[in-house]
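Here is a short walk through a protein model, written for someone who likes to know the cut-offs behind the words. Have the viewer open as you read.

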Amino acid sequence: MSFENLGLVPGLLRAVAEKGYDTPTAIQLRAIPAMLTGGDVLASAQTGTGKTASFVLPLLQKLEAPRGRAPRALVLTPTRELAAQVGECAREYGRHTGLRIQVIFGGVGMQPQIDGLKSGCDLLVATPGRLLDLEEQGVLDLDHVAAFVLDEADRMLDMGFIHAIKRVLRLLPERRQNAMFSATYSDDIRALAARLLREPVAIDVAPRNTVAERIEHIAYKLPKEHKRHLLAQLIKDGDWHQVLVFTRTKHGANRLAEQLEGAGIRSAAIHGNKSQSARVRALADFKANRITALVATDVASRGLDIKELPHVVNYELPNVPEDYVHRIGRTARAGATGHAVSLVGPDEGGLLRDIEKVLKRAVPYAAPPPFEITASAPPPPRPAQPAPRRDARPRPQGQGQRHGASHGNGHGQRQSHGRGQGHGQRWSQGRKVGR
Ligand code: AMP
């Protein structure tokens, strides 16, 4: 089956071919024709399955050509990163249509967005807060929205957007087409679907609440304070060039990024307290391989589309098991293979079991490979310009030395930790063991 068979118009087919897509993905095969018929759609699809094109292409087709000033199609996303990405995709797919695509989200100045809306908009991609702000100010008219897509609905609810969504729905015309995309299904999601959709076509391309089989999952059990050392070793020994690391807290993300920098691994943190420009810069540096490790919280990571991201590390397991699905959705996108590593502290075994229940599969424990406990060096000052890769530089004095040490004496010393020791491990005296 090709894109030609899906009933798309030549301008869109051309843009898709220019993107280099040969065949539609499973969600595209089913959602594009369903949306083109004008009915409501409920799709269960993880990020990475090509879901964005599966709703953006039919929306663009239905919009046909620029008309009026107010948006006629609206896509609501939970985060600004996702909004920006959906907007970017829509501009690429719509490049031969002349349609005007505007993106609005919080955390940046309003005026350029207001100017964009005033200049005319056919498809609007927005996060709920800023959308409501602009509507209240009277600069956004939602009376002409004939198609509405709620993207990553599960994350919307996790982020507490239910009231905002209800307010947005009240602002839309009664008669419209609706589509809802969600990676996971809870009772709340089902309730929202029942409220939003009329006799929807249900599309389920992945078994519910499971993750792509092509991802290799592995868990290492180890004391919390050793996690960063194992992580640094995995990155260095595995020659990982791009790894997305998840922490539970913003503070934890900052601290770990600094610690990894101290270990000679170029890193940046991305979370909700960072300015939009800092987040965009960190993501651009990561995509361009100027940094190796991007340390993120769940909320900040939502919607990141990094092509062929090979490694995802759960530095801390998420409290909500479904977040594991979202986290590893960052890897193995559109057919690539990926590798998801979980570092499981003594108090996190229960969280892993909950995750296994949601996945309906085991995440096997493996013995950690040998790793060394290194002295914490203060992170070097960040250069104003991109600097050469730190791991190409000589080690600071004092690092790289090995001391015999006893368990628990991790500061200012270098210890080794061997394969198969798990918790309550034995410490080697100044040498790596286990290989
Ligand atoms: P999404 O699930 O929409 O975030 O898409 C994941 C990735 O798959 C993005 O990098 C898309 O550019 C890419 N993609 C979407 N559709 C296709 C396709 N039919 N063939 C190859 N790659 C695709």
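## Ground rules

Axes here are lines fitted to C-alpha atoms, for helices over the stretch in contact, and angles run from 0 to 180 degrees between N-to-C directions. Helices (H or I, at least four residues) and strands (E, at least two) are DSSP runs, numbered from the N terminus. This is a predicted model: local features need pLDDT of at least 70, side-chain atom pairs count only at pLDDT 80 or more, and totals for chains, interfaces and linings use all residues. Residue numbers start from 1 along each chain as its sequence is written.

## Helix α3 and its two neighbours

Two packed helices are described by the angle between their axes and the distance between the axes. Take helix α3 (residues 51-63) and helix α4 (residues 80-93): they pack at an angle of about 50°, with axes 10 Å apart. That makes α3 oblique to α4; for the labels, angles under 35 degrees count as roughly parallel, over 145 as roughly antiparallel, 65 to 115 as roughly perpendicular and the rest as oblique. The crossing of α3 and α4 is right-handed, the term for a near helix turned clockwise from the far one by less than a right angle, with anticlockwise being left-handed. Contacts count when C-beta atoms, placed from the backbone, lie within 7 Å. On that basis Thr52, Ala53, Val56, Leu57 and Leu60 of α3 meet Val86, Cys89, Ala90 and Tyr93 of α4. The residues of this contact split into eight nonpolar, one polar and no charged, where Ala, Val, Leu, Ile, Met, Phe, Trp, Tyr, Cys and Pro count as nonpolar, Asp, Glu, Lys and Arg as charged, and the others, Gly among them, as polar.

Helix α2 (residues 26-36) also packs on α3: their axes come within 8 Å and cross at roughly 25°. That makes α2 roughly parallel to α3, and α2 passes α3 in a right-handed crossing. Ile27, Gln28, Ala31, Ile32, Met35 and Leu36 make up the α2 side, while α3 brings Lys51, Ala53, Ser54, Phe55, Leu57, Pro58 and Gln61. By class, the α2 and α3 contact has nine nonpolar, three polar and one charged residues.

Strands of a sheet pair through backbone hydrogen bonds, either parallel or antiparallel. Here, pairing takes at least two DSSP bridges between two strands. Seven strands line up as β3-β4-β2-β5-β6-β1-β7 in an open sheet, with parallel pairing. β3 (101-104) and β7 (201-204) are the edge strands, each pairing on one side only. From one strand to the next, the twist averages 15°.

Inside this sheet, β5 (residues 147-150) and β6 (residues 177-182) pair in the parallel sense over four bridges, and Leu150 stands opposite Met180 in β6. Helix α9 (residues 187-196) packs on the sheet and touches β1 (41-44), β5 and β6; its direction makes about 170° with that of β6.

## Another seven-stranded sheet

Further along, an open sheet of seven strands runs in the order β10-β11-β9-β12-β13-β8-β14, and its pairing is parallel. β10 (267-270) and β14 (365-366) sit at the edges with a single partner strand each, so one side of each is left without a neighbour in the sheet. β14 joins the parallel strand β8 (residues 215-221) through two bridges, and Ala219 stands opposite Tyr365 in β14.

Which strands does helix α11 (residues 250-262) touch? They are β9 (243-246), β10 and β11 (293-296), and the direction of α11 makes about 175° with that of β10. Helix α14 (residues 321-328) packs on the sheet too, touching β8, β9, β12 (311-314) and β13 (338-344), at about 155° to β12.

## Where to be careful

pLDDT is the predictor's confidence in each residue, from 0 to 100. The chain averages 83, and 80% of its residues reach 70 or more. Residues 207-211 stay under 50, with 12 contacts beyond four places in sequence. Residues 385-435 are also below 50, and the model gives that stretch 78 contacts beyond near neighbours in sequence.

Note on methods: Contact = placed C-beta atoms within 7 Å.
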